[in-house]
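Okay, thanks for coming, everyone. Let me put the structure up, and then we'll walk through it together.

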Amino acid sequence: MSKLSVNHLLGIKNLQKEDIELIFKTADHFKEVINRPIKKVPSLRDITIANLFFENSTRTKLSFEIAEKRLSADVLNFSSSNSSVKKGETLIDTVNNILSMKVDMVVMRHPNPGAANFLSKHVKAKIVNAGDGAHEHPTQALLDAFSIREKYGDIKGKNIVIVGDILHSRVALSNIFCLQKLGANVKVCGPLTLMPKHITSLGVEVITNLKEALNWCDVAIMLRIQLERQDIKLFPSLREYTMLYGIDKELLDSLDKKITIMHPGPINRGVEITSDVADSNQSIILNQVENGVAIRMAVLYLLAGQIE
Ligand code: CP
């Protein structure tokens with residue numbers, strides 16, 4: 001396979017295993033490129049990319065921007081907080097105005113699930129979903145799986161547990177789709193009030209005991225509690241959550257084997273993970289961030305190759 005089976009990257013659900021493998025193979029090449037003394041390649045010269053962020057971001061926004069610049073694309077950055085969206089402009093009007101400036105690709109983060117999909121049906125540009133509400137965050141899942149592959153050589157047969165606020169997490173959903181397509185065994189762990197009702201229909205088992213989950217897994221992906229998406233209280237207090245679902249060094253050291261710790265960020269130190277775990281040699285959190293640039297370069301490069 002030398003071409004993606006999709007025209008936009010809207011989610012992992014509609015990717016084939018071969019698409020993911022092609023993205024990884026391309027990212028392997030770009031990872032080598034970004035570790036050279038001269039990190040820039042001309043692959044996307046004359047391609048203009050708009051980064052439209054209607055929701056806060058640090059890692060994803062900067063990672064896409066650096067990926068685009070490493071590929072020599074022209075980059076436009078837009079954030080809704082200081083735009084005319086505040087004056088009542090619709091999403092399609094905002095994007096069509098930006099596209100009139102001859103933009104080829106749009107990277108969009110939006111609080112509404114399905115926003116990237118909607119946009120892909122209404123505008124003429126390649127769309128990359130940089131996170132849509134609690135729905136999907138495909139490049140995060142790709143960089144997570146790429147980091148596990150880098151650590152273990154293969155993902156097939158690995159036991160991976162995703163811990164925390166599964167209900168509000170686009171990272172969890174994209175990771176479940178991605179890791180299962182690559183042959184991993186995936187379970188989720190957390191309080192039942194933070195589990196989507198139909199989670200088991202995705203083929204993942206729910207474990208409510210953290211120590212049991214950690215003893216089962218090779219890799220634990222710890223998630224932040226997304227208080228900004230919770231309209232009602234789903235657990236008594238953050239302190240109680242930390243006691244039952246937070247990982248600290250004592251718990252990590254008490255496990256039957258040495259597991260790998262991951263986190264998509266932003267981390268709430270002392271809530272779902274303590275500093276001594278986040279900064280330990282079992283953590284690959286910063287490798288994830290580094291790999292994010294190579295993965296995003298690969299996605300942009302492959303989609304740009306399909307621009308007519
Ligand atoms: N992992 C992630 O999406 O982080 P940001 O919200 O900072 O982009």
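So, let's start with the largest cavity: its lining is Arg59, Thr60, Ser63, Gln140, Leu143, His263, Pro264, Ile285, Gln288, Val289, Gly292 and Arg296. By cavity I mean points on a 1 Å grid over the protein atoms alone where a 1.4 Å probe fits but cannot get out, and lining residues have an atom within 4 Å of a point. About 80 Å³ of space lies in there, taking volume as the space filled by probe spheres set on the points, which are joined across faces, edges and corners.

Quick housekeeping: this is a predicted model, where local features need pLDDT of at least 70, side-chain atom pairs count only at pLDDT 80 or more, and totals for chains, interfaces and linings use all residues. Residues are numbered from 1 along each chain as its sequence is written, and side-chain values use heavy atoms, without hydrogens and water.

Now the ligand. Who surrounds it? Ser57, Thr58, Arg59, Thr60, Arg109, His137, Gln140, Pro264 and Gly265, each with a heavy atom within 4 Å of it.

Next, polar contacts, meaning pairs of N or O atoms within 3.5 Å. A ligand oxygen is 2.8 Å from a backbone N or O atom of Thr58, and a polar side-chain atom of Arg109 also lies 2.8 Å from a ligand oxygen. Over at Gly265, a polar backbone atom is 3.3 Å from a ligand nitrogen.

And where does the ligand lie? Domain 1 (12–137 + 289–304) and domain 2 (138–288) both give residues to its shell, so it lies between them; those bounds come from an automatic or database domain assignment.

Terms used: A polar contact is a pair of N or O atoms within 3.5 Å; within protein, one must be able to donate a hydrogen and the other to accept it, and residues adjacent in sequence count only if both atoms are side-chain atoms. On a 1 Å grid over the protein atoms alone, a cavity is a set of points where a 1.4 Å probe fits but cannot get out, and a pocket is an open set with protein on both sides within 12 Å along at least five of seven lines; lining residues have an atom within 4 Å of a point.
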